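Work through the exercises below with the sequence and the 3D structure at hand. Try each task before reading its solution.

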Amino acid sequence: MAKINEIKSVLTGIANKPPVAVVDANKDDVVKTPLKKEATPVRSELSNFLNTLVEGKDYGYLPNVPKPVLLKQGALRILQFLRCTYTVALVDKTIIPTENLIAYTVSVTIVTAEGQQICQALGSTNSRESKFVKSGYSADNMLITMATKRALVSAVKEIINRQQR
């Protein structure tokens, strides 16, 4: 597994590379408010918007986890509200056939409508996680999608935390 300094050096390097994919989260039917440094007006609008998230669709509960967790759909709705998009870059792919291991690490960067990068987060997954071992699945697409979801949700949660300070 990579050490934290190796991950930091990779992230520094990928910041200057073009993204693997760009996903536009803007929709015309959503109230659009740009993410601003002036936290007071945006904070109240964001808080009001967060109250409109739907349980089971935008957030949910996991067994043995007392607090609700943000789901991908909710993260995308929050990005739409903030008029942000995100890019995904592959940071690491590890394949060890003799150990039946496939692992992915991706980086998600959140970008404002003006093109300013405001947050970056990592997400990873591997074929040894219980959900993949039990089901017998370890398809590359499933693994990289899970890593991307984790990074996206992490980045959106970081933006929310910054706005609510």
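**Exercise 1.** Find the distance between N and O in the salt bridge of Arg-77 and Asp-58, and say which parts of the chain this pair ties together.

Solution. Step 1: a salt bridge is a side-chain nitrogen of Lys or Arg within 4 Å of a carboxyl oxygen of Asp or Glu. The side chains of Arg-77 and Asp-58 meet this way, at 2.5 Å from N to O. The model is a predicted one, in which local features need pLDDT of at least 70 and side-chain atom pairs count only at pLDDT 80 or more, while totals for chains, interfaces and linings use all residues. Residues are numbered from 1 along each chain as its sequence is written, and side-chain values use heavy atoms, with hydrogens and water left out.

Step 1: Helices (H or I, at least four residues) and strands (E, at least two) are DSSP runs, numbered from the N terminus. Arg-77 lies in helix α3 and Asp-58 in the loop between α2 (39–50) and β2 (59–60), so the pair ties together parts 19 residues apart in sequence.

Step 2: check the burial of Asp-58. Buried means under 20% relative accessible area, exposed over 50%, and partly exposed in between (1.4 Å probe, protein chains only). Asp-58 has 0% relative accessibility and therefore counts as buried.

**Exercise 2.** Describe the salt bridges of Lys-93 with Asp-140 and of Arg-150 with Glu-129.

Solution. Step 1: recall that side chains of opposite charge can pair when their charged atoms come close. A search of the whole structure gives five salt bridges.

Step 1: the closest N and O atoms of Lys-93 and Asp-140 are 3.4 Å apart. Lys-93 belongs to strand β4 (residues 84–96) and Asp-140 to helix α5, so this pair ties together parts 47 residues apart in sequence. Lys-93 is partly exposed at 40% relative accessibility, and Asp-140 is partly exposed at 31%.

Step 2: for Arg-150 and Glu-129, the closest N and O atoms are 2.7 Å apart. Arg-150 is in helix α5 and Glu-129 in the loop between β6 (117–126) and α4 (130–135), so the parts tied together are 21 residues apart in sequence. Arg-150 is partly exposed, at 28%, whereas Glu-129 is buried, at 18%.

**Exercise 3.** At what angle do helices α3 and α5 pack, and which residues make the contact?

Solution. Step 1: two packed helices are described by the angle between their axes and the distance between the axes. Axes are lines fitted to C-alpha atoms, for helices over the stretch in contact, and angles run from 0 to 180 degrees between N-to-C directions. Helix α3 (residues 72–82) and helix α5 (residues 140–163) pack at about 45 degrees, with axes 9 Å apart.

Step 1: angles under 35 degrees count as roughly parallel, over 145 as roughly antiparallel, 65 to 115 as roughly perpendicular and the rest as oblique. Helices α3 and α5 are therefore oblique to each other.

Step 2: contact means heavy atoms within 4.5 Å. From α3 come Lys-72, Ala-75, Leu-76, Ile-78, Leu-79 and Leu-82, and from α5 come Lys-149, Leu-152, Val-153, Val-156, Ile-159 and Ile-160.

**Exercise 4.** Is Leu-46 buried or exposed, and which residues does Leu-46 touch?

Solution. Step 1: Leu-46 is located in helix α2 and is buried, at 1% relative accessibility.

Step 1: leaving out residues up to four places away in sequence, Leu-46 touches Phe-81, Leu-82, Ile-160 and Gln-163. Leu-46 and Ile-160 are 114 residues apart in sequence, yet 8.2 Å apart in space, C-alpha to C-alpha.
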